Amino acid sequence: MESDELTMLKPNLVQQTQYPTETAAATPVECKVMLRVILASLPLCDFKEGYVEVMVQENGKRKSPNILVTGTPGTGKTTMCTSLAEATQLRHINIGELVKEKNLHDGWDDELDCYVLNEDLVCDELEDVMEEGGNIVDYHGCDFFPERWFDCVIVLQTDNTILYDRLSRRGYKDPKLSNNIECEIFQVLLEEARESYSEDKVIAFKSDNIEDISRNVATLTDWIRNWSLPSQS
Ligand SMILES: Nc1ncnc2c1ncn2[C@@H]1O[C@H](COP(=O)(O)OP(=O)(O)OP(=O)(O)O)[C@@H](O)[C@H]1O
Ligand SMILES: [Mg+2]
């Protein structure tokens with residue numbers, strides 16, 4: 001394991017701990033043993049040993065990160081993900097489309113005017129591809145995905161009046177329209193993301209105009225490039 005990989009897990013871990021240089025060629029089992037020793041020497045460590053082990057195994061396999069892009073309908077997830085996928089060649093997975101295409105639902109909900117997503121079917125369908133890494137997942141919900149899948153969770157947010165206009169242009173009417181605006185006002189998706197993922201993985205991005213999309217895509221493209229360097233070296 002490279003020391004850079006450890007830095008990603010816990011920024012100050014490397015500075016606090018001396019490693020023999022030959023551990024660069026350690027096997028996965030040796031890595032786990034080494035981490036147990038490191039964690040045992042850090043009594044104030046704020047994460048669980050099992051969790052770190054999973055991250056090491058997963059990051060060891062992935063060549064690129066998995067990113068989840070969430071937010072209220074209309075905040076621009078699909079628009080941004082499409083552009084980000086073009087810029088990075090990562091795979092864009094639009095969960096709404098996937099559910100329709102592969103019938104990963106329990107039928108149509110007339111009241112909510114959408115398919116009733118079957119969470120188990122969706123997670124089973126995605127398990128292998130998420131393990132490979134390099135995915136940008138686009139969905140207006142996030143609490144049912146396994147936490148270990150994602151290296152970063154982006155929550156898009158839009159000014160209420162701008163969002164109202166976008167959803168009206170789509171033909172949304174009350175109560176669907178007002179439900180979505182309330183969802184944005186009360187930051188429901190940001191709360192859901194913070195409850196479902198560790199704090200350092202969740203970032204809120206503004207998505208009011210074209211400049212916001214460009215800036216968000218540029219920021220994420222840089223982050224993705226930097227993320228992949230340690231696991232490729
Ligand atoms: N940052 C932005 N600036 C200007 N227009 C935007 C922005 N983001 C999205 N839009 C426009 O808003 C509309 C909704 O965008 P989009 O379909 O990407 O939203 P979404 O979050 O994927 O919605 P859903 O959850 O329903 O799939 C589109 O017409 C898109 O062009
Ligand atoms: Mg969309």
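Select the five strands of the open sheet, whose order is β2-β5-β1-β6-β7 with parallel pairing. Strands pair if DSSP finds at least two bridges between them; strands (E, at least two residues) and helices (H or I, at least four) are DSSP runs numbered from the N terminus. At the edges sit β2 (91–94) and β7 (202–206), each pairing on one side only. Neighbouring strands here are turned by 25 degrees against each other on average, direction ignored.

A word on the model: it is predicted, with local features needing pLDDT of at least 70 and side-chain atom pairs counting only at pLDDT 80 or more, while totals for chains, interfaces and linings use all residues. Residues are numbered from 1 along each chain as its sequence is written, with chains lettered from A and ligands numbered from 1 in the order in which they are written.

Next, pick β6 (residues 152–157): five bridges join β6 to β7, and the two run parallel. Click L156 to find its bridge partner in β7, F205.

Contact here means C-beta atoms, placed from the backbone, within 7 Å. Then show helix α5 (residues 77–88), lying across β1, β2, β5 and β6 at about 170 degrees to β5.

Last stop: which residues come nearest to ligand 1? Of the 17 around it (C-beta atom, placed from the backbone, within 6 Å), they are P73, G76, K77, T78 and T79. Helices α5 and α11 (210–232) each give two or more residues to this shell.

Conventions. Axes are lines fitted to C-alpha atoms, for helices over the stretch in contact, and angles run from 0 to 180 degrees between N-to-C directions. Two residues are in contact if their C-beta atoms, placed from the backbone, lie within 7 Å.
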